[in-house]
Each structure stands twice: as structure tokens, then as C-alpha cells.
Amino acid sequence: MQAKVIQLLAFLVFISGCLAPETGTTTKSNLTTGGGGSSGGSGSAPPPPAPAGSGNIAPEGRVNGIDATSGIVSGWVYDQNTLNQSVTVEFYFDGPVGSVQMAAGSPVVANVQRAFTPVGPYGYSYNIPQQYKDGKQHLLYVYGLDTTNGTRSLLKISDFASGPSSFFVGSTAAGMSYYNSTVQPSLASACGNCHGPNYIVDKARMALPSKFSGGSGTNNNLYRKGMGLDGHGAGNRCGSGPPCTLINTWWGLEFN
Ligand code: HEC
């Protein structure tokens, strides 16, 4: 594991093309640890369900990012109805709540003081369990629990995104080596005039749609655009051969 290059991306950030932080969001460096960090523990259980009162507002929050080397997820969440109370945050991998077990080390309490508006004990961080740092694509479902009635709100990765975040932590050595030796030169010659090849960016393109939503070696964005589908600005640049045939093989190495 230590020999592997650790890398990560959250593809929804790439989709939106919005790498700039949103107004009012925070990153790890904006968080100051307080009160023993944000790990869960005894006393972090969700509040008992209470009838939803009129005027109750769902928690507002974001997944700001996942650190490429440590696999630490950070973000913020607050409940407008109880701004002085920390929100409980739950983490699930590869399926929403109810379909999979809550992940190890979850829930955590968002109790890290946030430097940006709204200021308060709203920052959280969570270390992805080692088993998911395998370089494969995983979906991460992060929920903030309403402090009044325990109702879960899925925290998004950006204003534009919907659904869970997708990430890769750790690289697949075979996938990266195949990209470098075989896919990259072919992309450079067939697509390079307009799209400079880049491992991370091409992997993000290839991860759309995610394998959990039916993505495959031959229906991903990189392949389809290369084949001139989905209204590709430059038409079919693969014919029936490379680089699309290579993309298909690369997909299998990365995501299977
Ligand atoms: C002559 C320039 C040109 C070449 C060569 C070209 N493209 Fe494109 N590509 C475009 C343009 C213009 C768009 C934007 C319109 C669209 O979305 O199709 C685009 C969009 C894309 C997108 C979606 C947007 C993005 O950046 O992710 C993908 C994926 C893509 N191309 C893949 C490829 C692949 C793979 C090849 C080579 C097999 C290729 N393109 C060759 C011009 C080109």
C-alpha cells in the first residue's frame, strides 16, 4: 500500500468544472481543531426523533474535499434551527443509508470551529477506513442529521452536484502503468490537439457515469466522446480502434 501513489478526485467537482471553492465553504486549513477534534464517540448518538415542528429547516452542509494522501474527508454542516448545536454526521460507502452498514468510525460530530461564515462549531473531518483506500472508485454518502428530528440530509460536494461524492484514494498500479505506457501516447496523438492527456483528468472523464450507475468500459464519457457520440465537438477520433479500444481496457484495470 505504501508503495502506491495516492491520489484522489471527486468527479463531481470536475463535472461542474468548478475547482474554485464556493463562497462560504471551508477547507481543512480553515478549520481549527477544538474540543478534541471531531471524532465520534460516546455521546455522539443522534438525538432522539421528535415530531417535525413547523418551521424546521433541514441541515445545510457540504463535503469540501477528500485529502489526496490521508483520505481525510472534511466539510461543514449546521442546523439553522439550532445554530449553537453541533450536527451529527454519518458516512456510508457505496450505497445510501439503509442499504449498507454505517462505516467504521462513523458518526462524527461537526464540532470544529469554522473560520468562515457562518462561523460556529460546524466543521467535521473523517478518515476513510483503510479498506476503501484501494485506488478504486467508491461512492461516499455523507449525511447531516437534523438536530430536531434526526432526519438525514445528504451533503453535496458542490452547489451544482446532486447525489453522493465519488472518490479514488490510492491508485491502481496496473491502471496507472497501462495509462502511462499505452493510453497516454495514443490520446496525445488522437486527441492532443484539443485535450492534453492527463491521468487524473482522463480518469475522471472515464468515471462518468460511475460504475455504480451503469458505467462501463464502452459507455463512459471519455470513450463516447472519443467515438463521436453525445455530440462530440470533433466527431469520431477513434474510428473503431485506439485510443477508444485502449480506454475500454484501461477502464477495466481502474474500476473492476
Ligand atoms: C479538434 C479538436 C478535438 C479533438 C481532436 C478531440 N476533441 Fe474532444 N472535444 C472537443 C470539443 C470542441 C469539445 C466540447 C464539445 C463537446 O462536449 O463535445 C470536446 C469535448 C470532449 C469531452 C467532454 C468534455 C471534457 O473535457 O471532458 C471529452 C470527454 C472529449 N472531448 C474526449 C475526446 C477524446 C477521447 C478525443 C480523442 C479520441 C477527443 N476528445 C478529440 C474537441 C476535440
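**Ligand shell and cores**

A: Helix α4 (residues 221-226) gives the largest share of the shell around the ligand, 4 residues. Helices here are DSSP runs (H or I, at least four residues) and strands are E runs of at least two, numbered from the N terminus. This is a predicted model: local features need pLDDT of at least 70, side-chain atom pairs count only at pLDDT 80 or more, and totals for chains, interfaces and linings use all residues. Residues are numbered from 1 along each chain as its sequence is written.

Q: How many residues surround the ligand, and which are the closest?
A: 17 residues surround the ligand, and the closest are Cys 191, Cys 194, Gly 226, Gly 233 and Ala 234. Near means a C-beta atom, placed from the backbone, within 6 Å of the molecule.

Q: OK, new topic: which residues have the most contacts inside the largest nonpolar core?
A: Val 77, Val 89, Ala 110, Tyr 124 and Val 142, in a core of 26 residues. Such a core is a set of buried Ala, Val, Leu, Ile, Met, Phe, Trp, Tyr and Cys residues joined through C-beta atoms within 7 Å. Strands β2 (60-66) and β8 (137-145) are among the elements giving it two or more residues.

Q: And the second core?
A: That separate core has 15 residues, including Val 183 and Cys 244.

Q: Why does Pro 242 count as partly exposed?
A: Because Pro 242 has 19 C-beta neighbours inside 10 Å; buried takes 20 or more, exposed 12 or fewer, and partly exposed lies in between, with C-beta atoms placed from the backbone. Pro 242 sits in the loop between α4 and α5 (244-255).
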